[in-house]
Amino acid sequence: MSQREYTFWAKALSSRYPALTFVSIQINFWIAANIFLTVILYLHDLMTSKVNHVPAAYDLKGLLILAVSIGIVYGLILGLADYYLFQGYFRNKSLGKVLFIKTGISLAGIIAIITITRSVYTNGFMSAVMGNPMPDNEELFRSTFHLLIFYYFFMTLLISVINMVNKKFGPGVVIPLLFGKYRNPKEEHRIFMFMDLKGSTTLAERLGHLKYSALIQDSFLDINFAIRTVHTEIYQYVGDEIVLTWPMQYGLDNATFIRFYFECEKRFHEKSKYYLDKYGTLPLFKAGVHMGIVAAVEIGEIKKDIAYHGDTLNTAARIQSLCNEYHKNLLVSDTVIAAMNGLPGYKIDKLGVVKLKGREEEIEIVSVEPVF
């Protein structure tokens with residue numbers, strides 16, 4: 001699998017199964033962290049035994065089994081707690097309070113696991129696996145306890161940073177960044193969709209900037225919900241506009257980008273009562289779509305990001321700006337339509353050839369609507 005395919009499917013799976021993805025990251029991280037600690041402790045024990053001419057106290061195989069088991073349990077506890085609390089309780093809380101609660105949950109979890117493990121480990125139950133069960137030595141347990149608390153505290157900070165980076169760049173991007181995929185500009189064939197809230201100026205004046213911002217926030221959350229159904233990558237948010245993208249072959253397959261747009265509309269209509277009661281309006285988005293070659297590159301130093309450059313983005317944005325003029329919600333370049341093998345279930349209306357602002361070549365645009 002290429003890095004481009006890895007990134008797309010990582011984002012797709014993360015959007016469709018967010019809880020499972022979040023928990024799996026935690027479990028894999030803590031398994032790796034525990035194995036790392038186990039190997040260090042085993043090597044230290046081996047070195048000490050050779051210096052003192054005594055048998056090694058631990059069996060590596062048994063320690064690894066224990067490390068993996070604890071990693072699964074600890075990752076599952078933290079992953080589920082972190083994900084569901086973030087979706088609910090954490091969403092509107094300050095960062096300081098969130099970190100404080102997360103730290104408390106982490107420490108409570110590891111203390112409980114260490115206590116239970118000690119009981120199981122010292123009663124002979126693990127002796128068949130571990131070789132020699134650990135003697136129930138209070139001083140040894142206290143030292144080990146402090147070591148594990150210190151280690152897990154800093155590992156918790158590390159996984160928090162990883163999750164923050166993952167949220168910033170999106171799932172599946174961190175590994176390509178580590179391999180330097182975007183260090184130099186790379187050409188990619190992509191589809192871009194620019195979605196903008198219709199009547200935004202009027203809404204902002206009527207609702208006021210605070211309530212209008214809340215409307216945008218709710219709208220984007222529901223667009224993100226639609227992404228769980230139809231595989232889509234969010235490129236960026238710009239005010240009341242959201243830019244989405246697909247690798248060309250995936251966006252064209254089964255009209256993915258078109259299905260996504262109407263899935264968003266469906267979501268808004270399902271929540272019409274909520275929007276009408278809270279804001280007195282139902283959000284409607286206009287969208288423009290175009291495809292072509294773009295350059296993807298890592299930009300910035302103080303604040304890093306991955307940017308796409310090229311005429312494709314400018315064209316998609318210009319097409320979206322024509323929606324009001326033609327009184328249409330979804331406009332697509334004929335270039336995209338021509339690359340597809342028909343659009344069953346959708347009505348295509350050719351609107352003619354237009355010359356877009358800032359573009360030398362003319363382009364034909366079409367509107368797309370579902371057939372009911």
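Which residues does the UniProt annotation "transmembrane region" cover? I looked that up first: the unreviewed entry gives 20-43, 63-86, 98-121 and 141-162. UniProt positions are in the numbering used here, feature names are shortened, and annotations may be inferred rather than shown by experiment.

Ground rules for my notes. This is a predicted model, where local features need pLDDT of at least 70, side-chain atom pairs count only at pLDDT 80 or more, and totals for chains, interfaces and linings use all residues. Residues are numbered from 1 along each chain as its sequence is written, and side-chain values use heavy atoms, with hydrogens and water left out.

**Residues 20-43.** I checked the secondary structure here and got 100% helix and 0% strand, with the end C-alpha atoms 34 Å apart. Helices (H or I, at least four residues) and strands (E, at least two) are DSSP runs, numbered from the N terminus.

**Helix α9.** I then listed the buried residues of α9, among them Tyr212, Leu215, Asp218 and Asp222. Buried means under 20% relative accessible area, exposed over 50%, and partly exposed in between (1.4 Å probe, protein chains only).

**Salt bridges.** I took a salt bridge as a side-chain nitrogen of Lys or Arg within 4 Å of a carboxyl oxygen of Asp or Glu. The count by this rule is nine.

What does Asp218 pair with? Its partner is Lys278, at 3.5 Å, N to O. That pair links distant parts of the chain, with Lys278 in helix α12 (residues 272-279) and Asp218 in α9, 60 residues apart. Asp218 is buried at 11% relative accessible area, while Lys278 is partly exposed at 38%.

Asp222 meets Lys271 at 3.4 Å, N to O. Here too distant parts of the chain are linked: Asp222 sits in α9 and Lys271 in the loop between α11 and α12, 49 residues apart. Asp222 is buried at 3%, and Lys271 is partly exposed at 24%.

I also found Glu188 and Arg190 paired at 2.7 Å, N to O. Both are buried, and they join Glu233 in a network of salt bridges.

**Positive phi.** Most residues other than glycine have a negative phi. I noted Asn254 at about 60 degrees, in the loop between α10 (248-252) and α11 (256-270). His327 has about 55 degrees and lies in the loop between α14 (323-326) and β6 (330-333).
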